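Here are my notes on this model, point by point. Please read them with the structure open.

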Amino acid sequence: MENKAEVSLNEDAVYRVLQGKLEKLDKPPTGFGEVVQKWEAGKLGRYEVKYTK
């Protein structure tokens with residue numbers, strides 16, 4: 001079984017594949033910051049969006 005997803009290459013974004021689904025991660029609301037993906041027991045866990053004001 002082959003799963004496919006399409007993403008726009010015209011938009012800057014970060015994605016992750018979690019349980020067979022493509023998920024677009026939130027951007028820092030100010031436009032400056034970082035997105036940190038956590039791993040838990042060998043699986044993708046939560047992610048954090050950090051930014052400065």
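1. Val7 is partly exposed, because its relative accessibility is 39%; the class runs between buried (under 20% relative accessible area) and exposed (over 50%), with a 1.4 Å probe and protein chains only. Val7 sits in the segment before strand S1 (15-18). Strands (E, at least two residues) and helices (H or I, at least four) are DSSP runs, numbered from the N terminus.

2. This is a predicted model: local features need pLDDT of at least 70, side-chain atom pairs count only at pLDDT 80 or more, and totals for chains, interfaces and linings use all residues. Residues are numbered from 1 along each chain as its sequence is written, and side-chain values use heavy atoms, with hydrogens and water left out.

3. Val7 belongs to a nonpolar surface patch with Leu9, Tyr15, Val17 and Leu22. Together they have about 480 Å² of accessible area. Patch members have over 30% relative accessible area and no salt bridge; nonpolar side chains (Val, Leu, Ile, Met, Phe, Trp, Tyr) are joined within 5 Å, like charges within 9 Å. Areas come from the Shrake-Rupley method with a 1.4 Å probe; for residues, only the protein chains shown count as cover.

4. The chain has 0 helices and 4 strands, in the order β-β-β-β. Its radius of gyration is 13 Å, whereas a compact globule of 53 residues would be near 10 Å. That value is taken over C-alpha atoms, and the globule rule is 2.2 Å times the number of residues to the power 0.38. Buried residues make up 9% of the 53.

5. Arg16 pairs with Glu23 at 2.9 Å, N to O. Glu48 pairs with Arg46 at 2.6 Å.

6. Lys27 and Glu11 form another salt bridge, at 3.9 Å. Lys27 is in the loop between strand S2 (21-24) and strand S3 (33-40), and Glu11 is in the segment before S1, so the pair ties together parts 16 residues apart in sequence.

Technical notes: Salt bridge = Lys/Arg side-chain N within 4 Å of Asp/Glu carboxyl O.
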